[in-house]
Amino acid sequence: MEGIGGPPMPQWGHDAWRMYQYYLDKSTPHTTYRWIGSLVIVAIYCLRVYSDQGFYIFVFGLGIYLLNLLIGFLSPLVDPELEGSDGPLLPIKRSDEFKPFIRRLPEFKFWYSMTKAFCIAFVMTFFSVFDAPVFWPILLCYGIVLFVITMRRLIGHMIKYKYIPFSIGKRKYSGKKGSASSSGSRED
C-alpha cells in the first residue's frame, strides 16, 4: 500500500527512525545528562559561530526561537488572564485547593526543540549561502531589549497570579523540634 504524498519509506529509514525514537524515549528520565549533552552542543555551535565570525542572523533567529520556547516553558497551561472565569484558577491562599503548575510546554519538549534547533543551526553554518552580512551590534541590542521586555511582562504575570513555574523539591516532614531522638544523630 502506498502512502499519501509519495512512495512508502524504505525499510532502513523506518528502522533508523524507530532506533532514534527508542533512544529518545530511553533518555527521557535522565534530565541532567540530557541537558549536559545539550550544553555541549550549544558550546560547539557557539565556537563554530565565533570562529567563522558570521551567521549572526541565525544566532538572532535562534535567540528569538529560544525566547518563544522559554515563554511556553514558563507559562501555565491554562492562562488565568485568558480564561474567562469569575474566580482565580491558581490557588492564592493556603486554604485553597492545591493545583500543581502544569506548563504549556513540558520540559522534555522544551529540551528536544532547543537541541534540535541548535543542531539545525549548526548544520546551516557549513553553507556560506546562509551567511548574510549584518551589523551584529544592532541585532544584539535588539535581542537584549526584546528579552528584557518579554521577561518583565512574564514575571509581572507570575506575580499578579501568584504562581512559580519551578518546583524546589518535595517538602519533607521534619517532625517535632527540640527532642533529642528526632535530631538524627546516633552515638556509637
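Helix H2 contains 22 residues and spans 32 Å from its first C-alpha to its last, close to the 32 Å expected at 1.5 Å a residue; the expected span is 1.5 Å times one less than the number of residues. This is a predicted model, in which local features need pLDDT of at least 70 and side-chain atom pairs count only at pLDDT 80 or more, while totals for chains, interfaces and linings use all residues. Residues are numbered from 1 along each chain as its sequence is written, and side-chain values use heavy atoms, with hydrogens and water left out.

**Overall architecture**

- The protein chain has five helices and zero strands, helices (H or I, at least four residues) and strands (E, at least two) being DSSP runs numbered from the N terminus.
- Read from the N terminus, the order of elements is α-α-α-α-α.
- Of the 188 residues in the protein chain, 22% are buried; buried means under 20% relative accessible area, exposed over 50%, and partly exposed in between (1.4 Å probe, protein chains only).
- The chain exposes about 14,900 Å², of which carbon and sulfur atoms supply 66%; the areas come from the Shrake-Rupley method with a 1.4 Å probe, and for residues only the protein chains shown count as cover.
- Among contacts (heavy atoms within 4.5 Å) between residues at least 6 apart in sequence, 86% join residues at least 24 apart.

- The buried residues of H2 are Arg34, Ser38, Val42, Tyr45, Arg48 and Val49.
- These residues cover an arc of only 120° around the axis, and therefore lie on the same side of H2; the arc is taken from the directions from the helix axis to the C-beta atoms.
- Thr32, Tyr33, Leu39, Leu47, Tyr50 and Ser51 are exposed on the other side of H2.
- H3 and H4 are the elements against which the buried residues of H2 pack.

**Nonpolar core**

- The largest nonpolar core comprises 20 residues, and those with the most contacts inside it are Tyr45, Leu62, Leu74 and Phe118. Such a core is a set of buried Ala, Val, Leu, Ile, Met, Phe, Trp, Tyr and Cys residues joined through side-chain atoms within 4.5 Å.
- At least two residues of this core come from each of helix H2 (31-52), helix H3 (56-74), helix H4 (107-124) and helix H5 (136-161).
- The greatest contribution to this core is that of H3, with six residues.
- Phe118 is in contact with Ile41, Val42, Tyr45, Leu62 and Leu66, once its neighbours within four places in sequence are left aside.
- In soluble globular proteins, nonpolar side chains tend to be buried together.

**Salt bridges**

- The model contains two salt bridges, each defined as a side-chain nitrogen of Lys or Arg within 4 Å of a carboxyl oxygen of Asp or Glu.
- Arg34 is buried, at 5% relative accessible area, whereas Glu107 is partly exposed, at 22%.
- Asp52 forms a salt bridge with Arg48, and their closest N and O atoms are 3.3 Å apart.
- Both Asp52 and Arg48 lie in helix H2, four residues apart, which is about one turn of the helix.
- Asp52 is partly exposed, with a relative accessibility of 33%.

**The loop between H2 and H3**

- Gln53 follows H2 and has a positive phi, near 55°; this residue lies in the loop between H2 and H3 and is partly exposed at 48% relative accessibility.
- Phe55, also a residue other than glycine, has a positive phi near 60°.
- Phe55 is located in the loop between H2 and H3 and is buried, with a relative accessibility of 4%.

- Met124 lies in helix H4 and is partly exposed, with a relative accessible area of 21%.
- Not counting residues up to four places away in sequence, Met124 touches Phe55, Phe58 and Phe130.
- Met124 and Phe58 are 66 residues apart in sequence, and their C-alpha atoms are 8.7 Å apart in space.
- Thr125 is in the loop between H4 and H5 and is buried at 2% relative accessibility.
- Leaving out residues up to four places away in sequence, Thr125 touches Tyr45, Arg48, Val49, Asp52 and Phe55.
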